[in-house]
Amino acid sequence: MRKATLAGVAAILLWSSLALLTVATEGLPPFQVLATAFAVAGTVGLLRAGLRGRAGWAELRQPPSALALSTAALFGYHALYFIALKRAPAVEANLLNYMWPLLIVVFAGFLPGVRIGALQWLGTLMGLAAAVLLVTGGRRLQVDPAYLAGYLAALTAAVLWAAYSVLNRRHAQVPCAAITVACLAVAVLGALVHLGFERSVAPTPVQWLALLAMGIGPTGAAFWLWDTGTKRGDIALLGSLSYLAPLLSTVLLVLSGRTQPHPLQAVALALLLGGAWLSTRSR
């Protein structure tokens with residue numbers, strides 16, 4: 001279980017680079033980015049299967065229910081998140097989206113043999129508080145009923161990803177390499193939406209590098225690792241530690257000069273590290 005949990009933590013670390021890479025693709029339509037990144041991830045998975053021969057291709061086989069779950073989660077989450085950003089202010093949309101780590105802990109409590117202790121609840125709530133500080137920057141939230149569709153899309157995305165992360169445990173026998181097929185399916189769905197509703201833009205060399213890095217890392221290897229972590233690791237602990245993603249993402253943006261440092265970021269860091277320590281201690 002420990003190795004699988006560490007694999008899930010590695011996925012969280014990779015996801016922290018997604019914001020920086022997404023900024024590098026600025027100007028490209030969102031579903032074009034989605035389709036390209038997942039096509040890269042799926043291609044890498046197919047190359048791996050080809051190098052492994054018959055055993056590699058066998059790892060891609062899976063029950064239809066497992067493929068449907070992973071495809072719906074990967075595509076549905078990203079599609080809903082893009083819709084939320086278009087229909088609601090980014091601050092509120094991001095804040096609702098970052099409910100998914102807390103929801104993982106809540107949903108994990110219904111799994112057989114999983115018990116969530118008081119320290120872990122406290123640690124998870126401290127992570128949520130840190131995410132609130134990072135996303136809002138200490139500003140007051142403006143909840144406008146006019147953006148209800150965007151709010152609902154962001155919250156639904158969070159519920160969908162949390163539910164997938166917990167339900168994925170039902171398919172523990174499916175090799176993590178099988179996520180390759182879901183990545184290819186998401187690439188096809190993303191391409192269809194892009195061709196139907198967006199205008200294609202030719203990426204620059206720098207944007208191509210960002211798309212390749214995105215496909216290999218946060219939308220590629222990260223989903224393999226998360227698949228392993230959610231199937232065989234400590235899912236409740238992974239939910240608590242998932243708040244590392246917005247923190248490390250902010251750190252990368254600051255170090256790259258994309259955003260300015262702020263004292264609240266230090267407060268969020270203290271909250272999150274304290275919450276992570278309480279969560280790991282409780283396990």
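A cavity is a set of grid points where a 1.4 Å probe fits but cannot get out, and a residue lines it if one of its atoms is within 4 Å of a point. Keep that in mind for the exercises below, and remember that the model you're looking at is predicted.

**Exercise 1. Find out how many cavities of 30 Å³ or more the structure holds, and describe the second largest cavity.**

Step 1: count. The structure holds 2 cavities of 30 Å³ or more.

Step 2: get the volume. The second largest cavity comes out at about 50 Å³.

Step 3: list the lining. Around the second largest cavity you'll find Gly-123, Gly-127, Ser-240, Leu-241, Tyr-243, Leu-244, Leu-272, Gly-275, Ala-276 and Ser-279.

Step 4: sort these by element. Two or more lining residues come from each of α8, α12 (235-241) and α14. Helix α14 gives the largest share, with 4 residues.

Step 5: sort them by class. The lining of the second largest cavity then splits into 5 nonpolar and 5 polar residues, with no charged ones.

**Exercise 2. Now for an open space: describe the largest pocket and its lining.**

Step 1: the largest pocket holds about 1,500 Å³ of space.

Step 2: its lining has 47 residues, and those nearest the centre are Ala-19, Tyr-81, Asn-94, Tyr-98 and Ser-249.

Step 3: find the helices behind the lining. At least two residues each are supplied by α2 (18-24), α3, α5 (64-87), α6 (90-97), α8 (118-136), α11 (205-232), α13 (244-255) and α14 (263-282). The largest share is 6 residues, and it comes from α5.

Step 4: by class, the lining of the largest pocket has 28 nonpolar, 15 polar and 4 charged residues.

**Exercise 3. Work out how helix α3 (residues 30-52) packs against helix α10 (residues 179-197).**

Step 1: know what to look for. Two packed helices are described by the angle between their axes and the distance between the axes.

Step 2: read off both values. The angle between α3 and α10 is about 155°, and their axes are 7 Å apart.

Step 3: name the arrangement. Angles over 145 degrees count as roughly antiparallel, so α3 and α10 are roughly antiparallel to each other. The crossing of α3 past α10 is left-handed.

Step 4: see who touches whom. On the α3 side, the contact residues include Phe-31, Leu-34, Ala-35 and Phe-38, while Cys-183, Ala-187, Gly-190 and Val-193 are among those in α10. The whole contact has 13 nonpolar and 7 polar residues, and no charged ones.

Step 5: zoom in on one residue. Val-193 lies in helix α10. Its C-alpha is 9.1 Å from that of Ala-35, though 158 residues separate Val-193 and Ala-35 in sequence. Leave out neighbours within four places in sequence, and Val-193 is in contact with Phe-31, Phe-75 and Glu-198.

**Exercise 4. Which way do α6 and α8 run relative to each other, and what is the handedness of their crossing?**

Step 1: the axes of α6 and α8 come within 9 Å, and they cross at roughly 160°.

Step 2: with the cut-off from Exercise 4, α6 and α8 are therefore roughly antiparallel.

Step 3: their crossing is right-handed.

Step 4: pick out the contacts. Val-91, Asn-94 and Leu-95 of α6 touch Ala-131, Val-132, Val-135 and Thr-136 of α8. That contact has 5 nonpolar and 2 polar residues, with no charged ones.

Step 5: tie this back to the pocket. Asn-94, one of the α6 residues in this contact, also turned up among the residues nearest the centre of the largest pocket.

Definitions and conventions
Residues are numbered from 1 along each chain as its sequence is written. This is a predicted model: local features need pLDDT of at least 70, side-chain atom pairs count only at pLDDT 80 or more; totals for chains, interfaces and linings use all residues. Side-chain values use heavy atoms; hydrogens and water are left out. Axes are lines fitted to C-alpha atoms, for helices over the stretch in contact, and angles run from 0 to 180 degrees between N-to-C directions. Angles under 35 degrees count as roughly parallel, over 145 as roughly antiparallel, 65 to 115 as roughly perpendicular and the rest as oblique. A crossing is left-handed if the near helix is turned anticlockwise from the far one by less than a right angle, and right-handed if clockwise. Contact means heavy atoms within 4.5 Å. Ala, Val, Leu, Ile, Met, Phe, Trp, Tyr, Cys and Pro count as nonpolar, Asp, Glu, Lys and Arg as charged, and the others, Gly among them, as polar. On a 1 Å grid over the protein atoms alone, a cavity is a set of points where a 1.4 Å probe fits but cannot get out, and a pocket is an open set with protein on both sides within 12 Å along at least five of seven lines; lining residues have an atom within 4 Å of a point. Grid points are joined across faces, edges and corners, and a volume is the space filled by probe spheres set on the points.
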